[in-house]
Amino acid sequence: MSHIDFIQATVSAPYVFITTSRFSSGAQEFAKNQGIVLMDGIKLAELMMQYDVGIEVAKVYKQFHIDNDYFEKKLAIPIQKKTGMASSFI
């Protein structure tokens with residue numbers, strides 16, 4: 001009995017197929033017609049991160065930006081804007 005024959009013979013049972021890759025359009029169409037749930041690698045990784053299953057934090061990064069308000073208001077240092085050869089204050 002092939003996989004397809006087995007699925008068709010037991011179509012009333014819910015099936016979920018998981019891959020770490022992607023499903024072809026033919027596989028997606030077949031699964032849709034048979035009521036089979038497909039989970040590709042991207043969805044699998046998203047669920048693993050959402051539920052913290054089988055993963056661990058390797059490194060955390062901080063992102064910084066310049067707080068211009070700090071320099072303009074707190075220190076009263078005007079920001080210079082260069083216009084050609086001469087500089088003018090904003």
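In which loop is the place of aspartate 52? Aspartate 52 is placed in the loop between helix H3 (41-50) and helix H4 (68-74), where helices (H or I, at least four residues) and strands (E, at least two) are DSSP runs numbered from the N terminus. The structure is a predicted model, in which local features need pLDDT of at least 70 and side-chain atom pairs count only at pLDDT 80 or more, whereas totals for chains, interfaces and linings use all residues. Residues are numbered from 1 along each chain as its sequence is written, and side-chain values use heavy atoms, with hydrogens and water left out.

The secondary structure of the chain comprises four helices and four strands, which follow the pattern α-β-α-β-α-α-β-β when read along the sequence. The mean pLDDT (the predictor's confidence in each residue, from 0 to 100) is 80 for the chain, and 67% of its residues reach 70 or more. Confidence is highest in helix H2 (residues 25-34), at a mean of 93, and lowest in strand E4 (residues 86-89), at 52.

Of the 90 residues of the chain, 8% count as buried, a class defined by under 20% relative accessible area, with exposed meaning over 50% and partly exposed in between (1.4 Å probe, protein chains only). The chain exposes about 8400 Å², of which carbon and sulfur atoms supply 58%; accessible areas come from the Shrake-Rupley method with a 1.4 Å probe, and for residues only the protein chains shown count as cover. Among contacts (heavy atoms within 4.5 Å) between residues at least 6 apart in sequence, 12% join residues at least 24 apart.

Alanine 31, found in helix H2, counts as buried because its relative accessibility is 3%. Not counting residues up to four places away in sequence, alanine 31 touches Ile36 and Leu38, while its C-alpha atom is separated by 9.2 Å from that of tyrosine 15, 16 residues apart along the chain. Glutamine 28, also found in helix H2, is partly exposed, with a relative accessible area of 43%. A polar atom of the glutamine 28 side chain lies 3.1 Å from the backbone oxygen of phenylalanine 23.

On the surface, Val16, Ile18 and Val37 form a nonpolar patch with about 270 Å² of accessible area together. Patches are made of residues with over 30% relative accessible area and no salt bridge, like charges being joined within 9 Å and nonpolar side chains (Val, Leu, Ile, Met, Phe, Trp, Tyr) within 5 Å; a salt bridge is a side-chain nitrogen of Lys or Arg within 4 Å of a carboxyl oxygen of Asp or Glu. Isoleucine 18 lies in strand E1 (residues 16-18) and is exposed, with a relative accessible area of 52%.

Aspartate 52 likewise counts as exposed, at 56% relative accessibility. Phi of aspartate 52 is near 55°, a positive value in a residue other than glycine. Most residues other than glycine have a negative phi.

How values were computed
Polar contact = N/O pair within 3.5 Å; in protein donor to acceptor, adjacent residues only side chain to side chain.
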